[in-house]
Amino acid sequence: MRIIDGSYGEGGGQILRTAVALSVITGEPIKIINIRAKRSNPGLRPQHLHGILALKELSDAKVKGAEEGSTELEFYPKSTRARHIKVPIKTAGSISLVLQALLPAMVFAEEEVTFEITGGTDVAWSPPVDYLKHITLYALEKLGIKVEIEIRRRGHYPRGGGFVIGKVYPWGTKRPLVARTFDKIHSFEGISHAVRLPSHVAIRQAKAAREALERVYPSLPIKIHEEYYEQGKDSHSGPGSGIVIWANTDVLRLGGDALGERGKPAEIVGREAAKVLIEQLGPRHAVDKFLGDQLIPFLAFAGGEIWVSEITKHLITNVWVVEQFFGKVFEIEGEVGKSGKVRVVKRIRV
């Protein structure tokens with residue numbers, strides 16, 4: 001059995017997500033120890049547990065240690081079968097992080113897989129589902145991967161209650177991704193939302209982000225959709241707001257996002273998202289720091305080379321997990337916290 005030390009590097013949940021997904025893909029049983037050892041509340045949290053149970057269902061696996069708070073897990077996958085996967089997170093646990101575990105495994109199913117997940121769509125310390133839908137999936141499509149995501153209802157901390165459905169198609173032709181630098185930014189787009197809040201919150205977030213972008217890129221089109229609901233016709237569980245914006249370049253999309261908080265002016269939320277995006281565009285590398293680590297498990301099978309605006313600890317950790325299964329796969333140039341390059345030196349075939 002392959003043993004993965006969950007305390008490596010940042011010691012967070014990403015080791016768990018990537019390792020279990022790779023176990024499903026390869027059919028190799030694994031044991032993960034010291035799960036989230038470096039977090040203030042170590043062990044499995046609800047969103048991790050639900051992701052594991054969904055992968056268990058997908059691969060007809062036998063699992064030991066799948067309990068909230070558990071710091072060890074054994075996972076014995078069988079065959080990946082196409083089916084409908086339901087993930088009922090009863091907290092505001094991140095839907096995006098669950099999908100980070102599920103997507104690499106689901107694309108290797110023999111037939112399409114549908115899913116529905118309840119939980120948090122827009123929560124701290126994880127990519128908003130809008131980022132996943134408009135930026136991550138756009139990049140994965142270049143690799144030959146087709147995934148559809150629909151946000152039926154948003155969920156914010158602490159109530160959650162978000163609802164996302166989707167469909168994942170089998171990964172046929174695996175196309176290498178070469179995304180080094182971009183030459184041109186064509187336009188900016190985004191989504192500014194406010195649920196169970198006045199409409200002006202979404203409008204002010206969008207206006208502030210637009211103005212911040214216009215100061216730096218005065219001649220480029222900017223289209224930010226404003227999403228809000230009439231009082232009495234808002235089906236969301238609790239109040240919340242946020243904004244995701246992205247740059248459409250001649251290579252990929254780069255993004256920035258920010259979440260609203262009680263007492264935090266909408267203008268600050270909008271400017272924060274714009275500031276993040278402008279920072280990502282600075283090095284003119286084609287992949288932003290949020291997308292880089294998400295691409296790693298897919299690049300291992302597709303091949304290619306990406307230049308990232310910033311090498312993060314998440315990226316380094318994901319590379320390490322992949323290489324626990326397959327040996328040397330990637331070559332990295334650059335330091336954590338600075339822009340850099342990631343190249344596939346051995347493409348994996350399964």
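Is the crossing of H3 and H4 left-handed or right-handed? The crossing of H3 and H4 is right-handed. This is a predicted model.

**Helix H3 against helix H4**

- Helix H4 spans residues 129–142. Its axis and that of H3 come within 9 Å and cross at roughly 40°.
- That angle makes H3 oblique to H4.
- From H3, the residues in contact are Ile95, Ser96, Leu99 and Leu103. From H4, they are Val129, Leu132 and Leu137.
- By class, the contact of H3 with H4 holds six nonpolar residues, one polar and no charged.

**Helix H2 against helix H3**

- Helix H2 covers residues 46–59, and helix H3 covers residues 95–106. The two pack at an angle of about 15°. Their axes lie 8 Å apart.
- H2 and H3 are therefore roughly parallel to each other, as angles under 35 degrees count as such.
- The crossing of H2 and H3 is right-handed.
- H2 contributes Gln47, Gly51, Ala54, Leu55 and Leu58 to the contact. H3 contributes Val98, Ala101, Leu102, Ala105 and Met106.
- The contact of H2 with H3 has eight nonpolar residues, two polar and no charged.

**Sheet S1-S2-S4-S3**

- Four strands make up this open sheet, in the order S1-S2-S4-S3. The pairing is mixed.
- At the edges are strand S1 (2–5) and strand S3 (62–64). Each of these pairs on one side only.
- From one strand to the next, the twist averages 15°.
- Strand S2 (residues 30–33) and strand S4 (residues 73–76) run antiparallel, joined by three bridges.
- Ile30 has Phe75 in S4 as its bridge partner.
- Helix H1 (residues 13–26) lies across S1, S2 and S4. H1 runs at about 175° to S2.
- Helix H8 (residues 313–326) also packs on this sheet, where it touches S1 and S2. The direction of H8 makes about 165° with that of S1.

- Strand S10 (residues 185–195) pairs with strand S11 (residues 222–227) in the parallel sense. Six bridges link S10 and S11.
- Opposite Glu189 stands Lys223 in S11.

**Sheet S9-S14-S16-S15**

- This open sheet has four strands in the order S9-S14-S16-S15. Its pairing is mixed.
- Strand S9 (177–179) and strand S15 (330–333) each have a single partner strand, so one side of each is left without a neighbour in the sheet.
- Neighbouring strands of this sheet are turned against each other by 20° on average, direction ignored.
- Strand S14 (residues 304–308) and strand S16 (residues 340–344) pair in the antiparallel sense. Four bridges connect S14 and S16.
- Val308 has Gly340 in S16 as its bridge partner.
- Helix H7 (residues 289–302) packs on the sheet and touches S9, S14, S15 and S16. The direction of H7 makes about 165° with that of S14.

Methods:
Residues are numbered from 1 along each chain as its sequence is written. This is a predicted model: local features need pLDDT of at least 70, side-chain atom pairs count only at pLDDT 80 or more; totals for chains, interfaces and linings use all residues. Side-chain values use heavy atoms; hydrogens and water are left out. Axes are lines fitted to C-alpha atoms, for helices over the stretch in contact, and angles run from 0 to 180 degrees between N-to-C directions. Angles under 35 degrees count as roughly parallel, over 145 as roughly antiparallel, 65 to 115 as roughly perpendicular and the rest as oblique. A crossing is left-handed if the near helix is turned anticlockwise from the far one by less than a right angle, and right-handed if clockwise. Contact means heavy atoms within 4.5 Å. Ala, Val, Leu, Ile, Met, Phe, Trp, Tyr, Cys and Pro count as nonpolar, Asp, Glu, Lys and Arg as charged, and the others, Gly among them, as polar. Two strands pair if DSSP finds at least two bridges between them.
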